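Keep the 3D view open as you read.

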Amino acid sequence: MTTLTAPRVRIPRQVRAGEAFEIRTLMEHPMETGLRQDAGRTVPRDILTRLLVRVNGDVALDAALHNGTAANPFHVFWLRIERSSDVEFTWFDEAGRQARHSARVTTA
Amino acid sequence: MRYSPSRRGVLAGAIALIATPALATQDPAVTAAIRAVIGDASAEEGGITLRLPAIAENGGQVPLTVLVDSPQTAERHVTAIHVFATRNPTPGVADFRLTPFMARAEVQTRIRLAEEQRVIVLARFSDGTLRQATADVRVTTGGCLT
């Protein structure tokens, strides 16, 4: 089973309160569908099933990823905060393992 | 008076339309996957910008952007975006749960497409209403079995 590597997250350190800012995330992972054949054998299924993004503990985005999500899951989205916040990203795989990234975003 | 077959066909079609709101697919597996998410609700066209390439060279990495027209306020925001690939071995691609922390009802990602097919996107608003958008993509190299 794939070892979960450190996520790559691009998030600004400082934003204007109430204004949209962009976040880009990339997680290296093969996202094996369990359908692929290699040398006559089926490669076992091994996928990240969830990306959870929280702002000060509250859910901001909760993504359920299925077979159709490409290898190395990549997501871009826009958040908005009213005060300085801790943004936490967690990826989950089917074996119950997690990879985390935390960022402090201050408001100007 | 006798019903002609064609008239019977028209009636059956009309009843089917009333009974099941139109989905952008006829495929039973895809219909089941969509019904599992939205139940018997119907989705209106429009209000969604769905960006996909017309021709995807590599079906294993197809860039997808979904942008839903939404103020993203506490009163009115998008609560979910669902992506379905109609001719993949399993139609479900991803389900995104959104909150008003999301400044825009927008998600970009990369998806797998096994072959030439239609992608269906559904968006649910906080008042329960649904929107849908579709895009047809030609795929040069399939992305699921390779």
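This is a predicted model: local features need pLDDT of at least 70, side-chain atom pairs count only at pLDDT 80 or more; totals for chains, interfaces and linings use all residues.

Residues are numbered from 1 along each chain as its sequence is written, chains are lettered from A and ligands numbered from 1 in the order in which they are written, and side-chain values use heavy atoms, with hydrogens and water left out.

Back to B:Arg87, then. Its side chain meets that of B:Glu115 in a salt bridge, at 3.3 Å from N to O; the term covers a side-chain nitrogen of Lys or Arg within 4 Å of a carboxyl oxygen of Asp or Glu. B:Arg87 sits in the loop between strand 5 and strand 6 of chain B, and B:Glu115 in the loop between strand 7 and strand 8 of chain B, 28 residues apart. Those helix and strand numbers count DSSP runs from the N terminus (helices are H or I with at least four residues, strands E with at least two). B:Glu115 is partly exposed as well, because its relative accessibility is 36%.

Now follow strand 5 of chain B, residues 78–85. Seven of its eight residues are buried, so this strand is largely enclosed by the rest of the structure. What does strand 5 of chain B pair with over seven bridges? That is strand 8 of chain B (residues 117–125), in the antiparallel sense; for two strands to pair, DSSP must find at least two bridges between them. Here B:His82 stands opposite B:Leu122. Strand 6 of chain B (residues 92–98) also runs antiparallel to strand 5 of chain B, joined by five bridges, and the two form a hairpin with six residues between them.

Helix 2 of chain B (residues 28–38) has B:Val30, B:Ala33, B:Ile34, B:Arg35 and B:Ile38 as its buried residues. Strand 5, strand 8 and strand 9 (130–141) of chain B are among the elements covering them, with contact meaning heavy atoms within 4.5 Å. Just after the helix, B:Gly39 takes a positive phi of about 65°.

So how do the chains come together? Picture 30 residues of chain B in contact with 29 residues of chain A. The area buried between them is about 2600 Å², with carbon and sulfur atoms giving 52%; this is the accessible area (1.4 Å probe) that two parts lose on being put together, summed over both. B:Phe101, B:Arg110 and B:Arg112 supply 27% of the area that chain B buries against chain A, more than any other three residues. The count of salt bridges between chain B and chain A is zero. On the side of chain B that touches chain A, the largest share, nine residues, comes from strand 7 of chain B.

There is also an open sheet of six strands, in the order 1(A)-3(A)-8(A)-7(B)-4(B)-2(B), with antiparallel pairing. Strand 1 (8–10) of chain A and strand 2 (48–51) of chain B are its edge strands, each pairing on one side only.

Notes:
Buried means under 20% relative accessible area, exposed over 50%, partly exposed in between (1.4 Å probe, protein chains only).
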